[in-house]
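Here is a short briefing on one protein chain. Look over the sequence and the model, then read the points below.

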Amino acid sequence: MLANYFPVLVFILVGLIAGVVFLTLGNILGPKRHYAEKDAPFECGFEAFENARMKFDVRYYLVAILFILFDLEIAFMFPWAVVFKELGAFGFWSMFVFIVILTIGFIYEWKKGALEWE
């Protein structure tokens with residue numbers, strides 16, 4: 001039974017070895033030009049100008065939550081699509097209800113203006 005996992009172990013080992021080799025080669029062969037602009041903190045395309053604990057607009061969090069919500073819902077659809085034929089009518093209608101609920105939520109967010117950016 002453990003023989004079934006041997007390819008996974010080989011894949012993990014090759015990935016770790018490749019990562020270590022490439023990082024080591026980058027440190028040895030890469031340029032070492034440090035200067036103030038390169039080493040300065042950089043955030044969101046502009047220089048940090050305030051305290052790191054400043055208040056953010058709630059829209060940043062709303063967009064992040066909406067992205068995670070829709071991203072996870074799409075992630076639920078991939079396993080369903082793989083076993084679609086085995087699920088039959090029950091699987092189809094359960095995913096149909098799921099998509100209808102998703103669509104109702106999307107329309108609600110749209111009507112509330114959650115997708116508007118001023």
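**Fold and helix packing**

Along the sequence, the protein chain reads α-α-α-α. That pattern comprises 4 helices and 0 strands, taken as DSSP runs numbered from the N terminus (helices: H or I, at least four residues; strands: E, at least two). This is a predicted model: local features need pLDDT of at least 70, side-chain atom pairs count only at pLDDT 80 or more, and totals for chains, interfaces and linings use all residues. Residues are numbered from 1 along each chain as its sequence is written, and side-chain values use heavy atoms, leaving out hydrogens and water.

**Confidence**
- The protein chain has an average pLDDT (the predictor's confidence in each residue, from 0 to 100) of 83, and 88% of the residues score at least 70.
- Among the elements, helix α1 (residues 6–29) has the highest mean pLDDT, 95.
- Helix α2 (residues 36–39) has the lowest, 74.

**Burial**
- Of the 118 residues in the protein chain, 7% are buried (under 20% relative accessible area, 1.4 Å probe, protein chains only).

**Packing of α3 and α4**
- Helix α3 (residues 58–82) packs on helix α4 (residues 84–112) at about 165°, with axes 10 Å apart. Axes are lines fitted to C-alpha atoms over the stretch in contact, and angles run from 0 to 180 degrees between N-to-C directions.
- α3 and α4 are therefore roughly antiparallel (angles over 145 degrees).
- Contact (heavy atoms within 4.5 Å) involves residues including Leu-66, Phe-70 and Trp-80 of α3 and Phe-84, Met-95 and Phe-106 of α4.
- The contact residues divide into 16 nonpolar, 1 polar and 3 charged (nonpolar: Ala, Val, Leu, Ile, Met, Phe, Trp, Tyr, Cys, Pro; charged: Asp, Glu, Lys, Arg; polar: the others, Gly among them).

How values were computed: Angles under 35 degrees count as roughly parallel, over 145 as roughly antiparallel, 65 to 115 as roughly perpendicular and the rest as oblique. Buried means under 20% relative accessible area, exposed over 50%, partly exposed in between (1.4 Å probe, protein chains only).
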